[in-house]
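I opened the model today to look up a few packing details. These are my notes, in the order I made them.

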Amino acid sequence: MICKICSKTSSKIFRQRILDKYDVDYFQCFSCGFIQTEEPYWLKESYLSPINTEDTGIIKRNILLAKRTSAILFFMFDKKGSFLDYGGGYGLFVRIMRDYGFNFYWSDPFTENLFARGFEYDAARTQKIEVVASFECFEHFADPLQEINKMFSNSDSILFSTEIFTGTPSPDQWKYYYFSHGQHISLFSLDSLRFIAKKYDMHLFTNGKSFHLLTRRSLNNVVFNTLLKLSLLGIPSLISLFMASSTKLDSEAIARTKSLTKENIE
Ligand SMILES: [Zn+2]
């Protein structure tokens with residue numbers, strides 16, 4: 001098999017039952033370490049419910065991601081720019097970020113937008129995106145480079161989360177394979193992220209575990225990691241003092257759109 005990241009040879013590392021139903025081969029690239037499954041024919045079944053039911057951490061994770069993201073965006077980017085949550089799920093993260101005052105938009109072809117309605121991303125309407133955020137999506141991509149191309153088409157920076165590994169994680173020990181739902185089909189080593197950075201002429205900043213930034217800008221990895229640590233120590237409350245929350249403005253804007261639509265119908 002050919003590695004989906006660096007195009008070198010990817011060799012079978014194990015076979016595992018997923019969805020309690022299919023025996024699937026997993027492959028690892030000898031060069032960049034990227035792990036991929038055989039062609040994922042089972043995804044329709046994996047996504048019968050787009051957000052998997054085992055994911056009890058969804059709220060906690062979104063709050064934590066919003067704290068980390070707000071610290072990074074506030075101090076390292078143009079906080080007045082437009083931002084996109086690529087693969088934004090139910091829209092919870094976009095809503096939290098708009099509550100902070102960051103101009104975030106939502107996109108996700110597979111999930112219904114419940115919390116960020118009215119803020120769907122429209123490339124024709126939105127100018128350049130300062131940073132694309134994509135959390136817990138990379139491991140779901142059947143064609144990671146194609147998705148990354150899309151993200152970089154309108155932005156110079158991708159802030160994303162996916163758990164990375166070293167060596168070859170044992171199927172018994174690394175929970176992140178999530179054989180139960182079979183949605184994690186692309187798994188990234190640090191070297192595979194480095195390869196992507198080089199390919200796109202980007203810099204890679206990472207906490208070495210699950211939170212990463214690919215950007216054309218020359219930033220500082222120490223600053224990146226310090227901000228991630230500070231984000232858990234009250235920095236987001238400080239940031240909110242300097243940002244104008246959109247909670248009320250968004251509500252008013254949506255109410256206006258609704259009344260205009262009603263007038264048009266009448
Ligand atoms: Zn590779």
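What covers the buried residues of α6? I am working from a predicted model. I found that the cover includes α2 (58–76), β7 (157–161), β9 (203–206) and β10 (211–215).

**Entry 1: helix α6**

I listed the buried residues of α6, which spans residues 221–230. They are F224, N225, L227 and L228. I then looked down the helix axis. The buried residues fall within an arc of 160°, so they line one face of α6. The general rule I kept in mind: an α-helix has 3.6 residues a turn, so residues three or four places apart point the same way. Next I turned to the face of α6 directed away from the buried side. There I noted the exposed residues V222 and K229. I also checked the start of α6. A side-chain oxygen of N220 comes to within 2.7 Å of the backbone nitrogen of V222.

**Entry 2: the cores**

Which residues touch the most other members of the largest nonpolar core? I got I72, F102, F104 and F224, out of 30 residues in that core. The elements giving two or more residues to this core are α2, α3 (92–100), β5 (103–107), β6 (129–135), β10, α6 and α7 (235–242). The largest share, seven residues, comes from α2.

Not counting residues up to four places away in sequence, I72 touches F77, L159, F211, F224, L227 and L228.

**Entry 3: aromatic pairs**

How many aromatic pairs does the structure hold? I count 26. I looked up two of them.

The rings of Y22 and Y41 have centres 5.4 Å apart and planes at 85°, so I logged the pair as edge-to-face. The pair links distant parts of the chain, 19 residues apart. Y22 is in strand β2 (residues 22–29), while Y41 is in the loop between β3 (35–37) and α1 (43–46). Is Y22 buried or exposed? At 19% relative accessibility, Y22 counts as buried, because the cut-off is under 20%. Y41, at 49%, counts as partly exposed.

The rings of F152 and Y200 have centres 5.3 Å apart and planes at 45°, so this pair is tilted. F152 lies in helix α4 (residues 144–152) and Y200 in the loop between α5 (190–199) and β9, so the pair ties together parts 48 residues apart in sequence. Both F152 and Y200 are buried.

I also noted one aromatic cluster, formed by F83, F93, F102, F104, F135, F205, F211 and F224. F102, F104 and F224 were already on my list from the largest core.

**Entry 4: charges over rings**

Which charged residue lies over the face of F211? I found R68, at 5.1 Å from the ring centre. K199 lies over the face of Y200, at 6.0 Å from the ring centre.

**Entry 5: N207**

Where does N207 lie? I placed N207 in the loop between β9 and β10. A polar atom of its side chain lies 2.8 Å from the backbone nitrogen of K209. Leaving aside neighbours within four places in sequence, N207 is in contact with R68, F224, N225 and L228.

How values were computed: Residues are numbered from 1 along each chain as its sequence is written. This is a predicted model: local features need pLDDT of at least 70, side-chain atom pairs count only at pLDDT 80 or more; totals for chains, interfaces and linings use all residues. Side-chain values use heavy atoms; hydrogens and water are left out. Buried means under 20% relative accessible area, exposed over 50%, partly exposed in between (1.4 Å probe, protein chains only). Helices (H or I, at least four residues) and strands (E, at least two) are DSSP runs, numbered from the N terminus. The arc is that of the directions from the helix axis to the C-beta atoms. Contact means heavy atoms within 4.5 Å. A polar contact is a pair of N or O atoms within 3.5 Å; within protein, one must be able to donate a hydrogen and the other to accept it, and residues adjacent in sequence count only if both atoms are side-chain atoms. A nonpolar core is a set of buried Ala, Val, Leu, Ile, Met, Phe, Trp, Tyr and Cys residues joined through side-chain atoms within 4.5 Å. Rings of Phe, Tyr and Trp (its six-membered ring) pair if their centres lie within 6.5 Å; planes under 30 degrees apart count as stacked, over 60 as edge-to-face and the rest as tilted. A charge sits over a ring if NZ of Lys or CZ of Arg is within 6 Å of the ring centre and within 35 degrees of the ring normal.
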